[in-house]
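Let's take a walk through this fold together, starting with its charged pairs and ending with its strands. Please keep the viewer open as you read.

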Amino acid sequence: MTDYSQGDPRQSASSTASHAAYPPPPAYPPAYPPAAHRRPRRPVALIAAVAVAAALVGGGASALVQELTGDRTAPAGGNGVTGTNVSRSSTGTVAGVARAVSPSIVEISATTGSGKSTGSGVIITADGEIVTNNHVVAGASEVTVRLSDGKTYTAEVVGTDPGKDLALIKLRGASGLKAATLGDSGTVRVGDEVVAIGSPEGLTGTVTSGIVSALDRDVTVSKEEDRGQRQQADPGQGWPFEYGGQRFNGDTGDSRTTYKAIQTDASLNPGNSGGALINMNGEIIGINSAMYSPSSATGSTAGSVGLGFAIPIDTVKADLDALRSGSGAAS
């Protein structure tokens with residue numbers, strides 16, 4: 001009996017002969033490489049890893065993720081709100097703030113019985129409402145306003161509030177003006193960067209920068225209209241005010257008012273009064289109102305020493321309805 005437990009030797013021989021007659025087919029590469037040899041996309045893996053790190057350690061890593069992904073959205077300013085005045089690419093730069101807000105800042109010339117004086121103001125509506133200091137227009141018989149583009153208008157005093165040193169004037173026949181964006185002074189912090197724009201000594205559109213030095217400073221100024229007239233006749237001396245029991249830039253007189261002010265080291269000089277203190281988003285956070293102008297030994301003005309004050313914009317906004325009604329809130 002033949003044993004086929006190891007296969008039929010005849011079939012094996014036949015199979016061997018058949019394979020010998022025909023060569024094996026050529027080996028083609030597989031249509032898809034084996035999954036084990038696929039390489040991960042390194043940039044995606046890197047970004048994902050950085051994103052995880054950002055979630056763990058916060059803002060610093062988030063900035064790196066933005067850099068890697070190409071997301072260059074400008075950071076928000078100190079109050080966390082991006083202003084509508086400054087382009088995204090310019091937010092946070094003095095040049096960007098100046099370019100965006102300067103068209104909303106004006107030079108004010110007031111004629112009184114004592115002569116002429118120069119101050120500044122902020123356009124708040126497209127038809128020419130302008131906020132300034134009361135002491136800039138106090139007792140004025142004629143008010144002329146010059147825009148940043150050189151156009152001039154006459155203006156009327158709508159309402160004043162000597163208690164807050166605020167005034168509202170309105171241009172005659174104006175339209176299509178660029179109004180400033182009013183911010184939120186309640187979110188301002190000591191150390192925030194700021195920009196000041198005004199017309200010191202008649203130099204229209206002067207831009208300076210600095211920081212918020214302190215908050216809630218009790219600044220005392222004169223409420224007397226005739227005091228404002230006398231002071232405007234000598235604009236080089238600066239508007240007199242009191243702080244901490246001391247007098248600066250002259251005598252404030254008998255009738256005084258005290259308000260809470262933002263202190264800044266941005267350079268302010270006579271003529272900056274009524275101009276804007278601006279955050280780095282291009283939002284108005286204060287109306288510049290007082291600055292210390294020490295006199296030299298010869299009696300001439302020595303210039304700014306980085307001690308300036310601004311009325312918080314929240315105070316201005318709260319007073320606008322009363323100013324528009326032709327008066328100011330009692331204070």
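## Salt bridges

A salt bridge here is a side-chain nitrogen of Lys or Arg that lies within 4 Å of a carboxyl oxygen of Asp or Glu. The model you are looking at is predicted, and by this rule the count comes to six salt bridges. One of them joins Asp314 and Lys317, whose closest N and O atoms are 3.7 Å apart, so the pair falls within the 4 Å limit. Both residues lie in helix H7, three residues apart, which is about one turn of the helix. An α-helix has 3.6 residues a turn, so residues three or four places apart point the same way. Asp314 is partly exposed, with a relative accessible area of 29%, and Lys317 is partly exposed as well, at 35%.

Where does the salt bridge of Arg324 lead? Its partner is Glu129, with the closest N and O atoms 2.7 Å apart. Arg324 belongs to helix H7 (residues 313–324) and Glu129 to strand E3 (residues 129–132), so this pair ties together parts that are 195 residues apart in sequence. Arg324 is partly exposed, with a relative accessible area of 38%, whereas Glu129 counts as buried at 14%. A further salt bridge links Asp161 with Lys164, the closest N and O atoms being 3.7 Å apart. Asp161 is buried, its relative accessible area being 2%.

## Around Leu166

Strand E6 (residues 166–171) includes Leu166. Is this residue buried or exposed? Leu166 has 0% relative accessibility, so it counts as buried. Buried means under 20% relative accessible area.

Which residues touch Leu166, once its neighbours within four places in sequence are left aside? Its contacts are Val131, Thr132, Asn133, Asn134, Thr160, Asp161, Ile311, Thr315, Val316, Asp319 and Leu323. Among these contacts is Asp161, the residue that forms a salt bridge with Lys164. The C-alpha atoms of Leu166 and Leu320 are separated by 9.5 Å, although the two residues are 154 residues apart along the chain.

In soluble globular proteins, nonpolar side chains tend to be buried together. The largest nonpolar core in this model has 29 residues, and Val101, Val122, Val131, Ile278 and Ile284 touch the most other members. Helix H7 gives the largest share of this core, four residues. Apart from this core lies another, of 16 residues, among them Ile123, Val136, Val145 and Ala174.

Leaving aside its neighbours within four places in sequence, Ile278 is in contact with Val97, Val101, Glu193, Val194, Val195, Ile197, Glu283, Ile284 and Ile285. Val97 and Val101 are among the buried residues of helix H4 (residues 94–101), together with Gly96, Ala98 and Ala100. What covers the buried residues of H4? The cover includes strands E1 (105–112), E8 (193–198), E9 (206–222), E13 (276–278) and E14 (283–291).

## A buried histidine

His135 is found in helix H5 (residues 134–137). With a relative accessible area of 6%, His135 is buried. The side chain of His135 makes a polar contact of 3.0 Å with the side chain of Ser273.

## Strands and hairpins

Strands E4 (residues 142–146) and E5 (residues 152–161) run antiparallel and are joined by four bridges. Val145 has Tyr153 as its bridge partner in E5. Five residues lie between the strands of this hairpin, where Gly150 takes a positive phi near 95°.

E5 also pairs with E6 in the antiparallel sense, over six bridges. Here Thr160 has Ala167 in E6 as its bridge partner. The hairpin of E5 and E6 has four residues between the strands, and Asp165 takes a positive phi near 55°.

Elsewhere, E9 runs antiparallel to strand E12 (residues 256–264), with eight bridges joining them. Ser222 stands opposite Arg256 in E12. E12 in turn runs antiparallel to strand E15 (residues 308–312), to which three bridges join it. In that pairing, Thr264 has Gly308 in E15 as its bridge partner.

Terms used: Residues numbered from 1 in each chain as written. Predicted model: local features only at pLDDT ≥ 70, side-chain atom pairs only at ≥ 80, totals over all residues. Heavy atoms only, no water. Helix = DSSP H or I, 4+ residues; strand = E, 2+ residues; numbered from the N terminus. Buried < 20%, exposed > 50% of the residue type's maximum accessible area, 1.4 Å probe, protein only. Contact = heavy atoms within 4.5 Å. Core = buried A, V, L, I, M, F, W, Y, C linked by side-chain atoms within 4.5 Å. Polar contact = N/O pair within 3.5 Å; in protein donor to acceptor, adjacent residues only side chain to side chain. Pairing = 2+ DSSP bridges.
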